[in-house]
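Welcome! Keep the picture open beside you as you read.

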Amino acid sequence: MVFDILKSLVCPPELSVYLFASYTLRAMKNNALHLLVLSHSFSMPSLKRVCTNILEQTWLTTENVIDVLQLARQCDTPRLSLICVRVVVKNFKKVSSSEGWKVMKRVNPDLEQELLESIVEADSGYHENMRKNEEKKMYLQLHEAMEALLHICKDGRRTIGPRDKVLKGSQITCSFPACKGLETLVCHFSICKVRVPGGCSHCKRMWQLLELHSRMCNEPATCKVPLCRHFTDKMQQQSKKDETKWVVRQQGGSSKECFKAFVNPKA
Ligand SMILES: [Zn+2]
Ligand SMILES: [Zn+2]
Ligand SMILES: [Zn+2]
C-alpha cells in the first residue's frame, strides 16, 4: 500500500522514500517493515540497515515473525532472517499457532519444511549438548574421587588414614570436594557385611575406584592406596580385561581383609 502511495507521487522515487523516512523515529518504527521493502527496492543500504536494526531490536514478536522472515528473505537481509529463525525455534509452540504460520504453511510449504528441520536440528543439538555436559560432569566426579582417594591414603582423614599418620580430627576443613563422600565410602567398604559377588553397590563402586586408580597409578611400587599393587600385579598376569575382573572378584574376600587393616582401629 505504501508502495502504491509513493508510486502515485510525482517526485522521483528516491525522494519519496527519503520524505517518507524523514518522519519521526516513531513513525519509522511503525513503518519499519514497509521501509525495509522500499529500501531494498530502491537499493538504499543505509536505510535498509536502520530498518533491519529496528526490526531486530524492537519489532519482532511471535505473531509477526513469520511475515518478517519472509520479507527478510525477499529483501536479502541474512542477519534478520537468521534472528527470525532463532525466534521461531525458541518459541515454536506460539509461532506455529500464529496466523502468519498458517498462511505460510499454505503458500510456502518449503519454508515450513525448512523451519521444522531447523527445530529438529536445534532439538538434537540441545540433547547432544546435554549428553556431553553429563559426560563431562561424570569425568569430573571421577577425577575428584581419584584425587580424594590419593589424598586420603596419603594424608589421612578424620577416621581413616595411613597408620604412620596422626589423624586430623573432625574440625579440619578439606580442600578436596570428594573427600567426605569418599571417607564414608571407604568406611562402609571396610565393614560391609553384604556377601554377594563383588559386594553391595557401594562396595562395587569402591572396587571400581581402586581398580581405576591402579590402572592410572604412576608409582605402584611406593603407592599408599590399598590394593594398588594387587590390581597392578593381577593386570600384568592377565592381559584380557574380563579375566582380570573375574580374578579380582574371586579374591575379593581376602583382598578386603588387607583393606580393613588400612582403616584406623581407634576410629
Ligand atoms: Zn580431605
Ligand atoms: Zn557394601
Ligand atoms: Zn597406586
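Which residues does His213 touch, not counting residues up to four places away in sequence? They are Met146, Leu149, Leu150, Cys223, Val225 and Cys228. Please keep in mind that this is a predicted model.

**Around His213**

- You can find His213 in helix H12.
- His213 has a relative accessible area of 5%. That value is under the 20% cut-off, so His213 counts as buried.
- Its contacts include two leucines, Leu149 and Leu150, and two cysteines, Cys223 and Cys228.

**The zinc site**

- Four residues of the protein supply donors to the zinc ion (ligand 2): His188, Cys192, Cys200 and Cys203.
- His188 uses its NE2 atom, while Cys192, Cys200 and Cys203 each use SG.
- These donors lie 2.1 to 2.3 Å from the zinc ion.
- Why is the arrangement of donor atoms around the zinc ion (ligand 2) called tetrahedral? The four donor atoms subtend angles of 93 to 122°, and the rule asks that all angles lie between 85 and 135 degrees, so the arrangement is tetrahedral.
- For comparison, the ideal angle for four tetrahedral donors is 109.5 degrees.
- Along the sequence, the donor residues of this zinc ion follow the spacing H-x3-C-x7-C-x2-C.
- His188 and Cys203 link distant parts of the chain, 15 residues apart. His188 belongs to helix H11 (residues 179-191), and Cys203 belongs to helix H12 (residues 201-216).
- Are these two residues, His188 and Cys203, buried or partly exposed? His188 is partly exposed, at a relative accessible area of 23%, whereas Cys203 is buried, at 0% relative accessibility.

**Salt bridges**

- Arg131 is partly exposed at 42% relative accessibility, Glu128 is partly exposed at 32%, and Lys132 is partly exposed with a relative accessible area of 44%.
- In helix H12, Arg215 pairs with Glu211. The closest N and O atoms of this salt bridge are 3.2 Å apart.
- Arg215 and Glu211 are four residues apart, about one turn of the helix.
- Arg215 is partly exposed, with a relative accessible area of 41%, but Glu211 is buried, with a value of 11%.
- Through shared partners, salt bridges join Glu128, Arg131, Lys132 and Glu135 into one network.

**Aromatic rings**

- A pair of aromatic rings is described by two things: the distance of the centres and the angle of the planes.
- The count of aromatic pairs comes to three.
- Phe92 and Trp101 form an edge-to-face pair, with 5.4 Å from centre to centre and 80° between the planes.
- In this pair, Phe92 is partly exposed, with a relative accessible area of 26%, while Trp101 is buried, with 4%.
- Why is the pair of Trp207 and Phe231 edge-to-face? Their planes stand at 80°, and planes over 60 degrees apart count as edge-to-face. The centres of the Trp207 and Phe231 rings are 6.0 Å apart.
- This pair links distant parts of the chain: Trp207 lies in helix H12 and Phe231 in helix H13 (residues 228-237), 24 residues apart.
- Trp207 is buried, with a relative accessible area of 13%, and Phe231 is buried too, at 1% relative accessibility.
- Ring pairs also bring Phe189 into a cluster with Trp207 and Phe231.

Key. Residues are numbered from 1 along each chain as its sequence is written. Chains are lettered from A and ligands numbered from 1 in the order in which they are written. This is a predicted model: local features need pLDDT of at least 70, side-chain atom pairs count only at pLDDT 80 or more; totals for chains, interfaces and linings use all residues. Side-chain values use heavy atoms; hydrogens and water are left out. Donors are N, O and S atoms within 2.8 Å of the metal (3.2 Å for Na, K and Ca); water is not among the atoms, so sites may look incomplete. Four donors count as tetrahedral if all angles lie between 85 and 135 degrees; four count as square planar and six as octahedral if opposite donors are over 155 degrees apart and all others between 65 and 115; anything else is irregular. Helices (H or I, at least four residues) and strands (E, at least two) are DSSP runs, numbered from the N terminus. Buried means under 20% relative accessible area, exposed over 50%, partly exposed in between (1.4 Å probe, protein chains only). Contact means heavy atoms within 4.5 Å. A salt bridge is a side-chain nitrogen of Lys or Arg within 4 Å of a carboxyl oxygen of Asp or Glu. Rings of Phe, Tyr and Trp (its six-membered ring) pair if their centres lie within 6.5 Å; planes under 30 degrees apart count as stacked, over 60 as edge-to-face and the rest as tilted.
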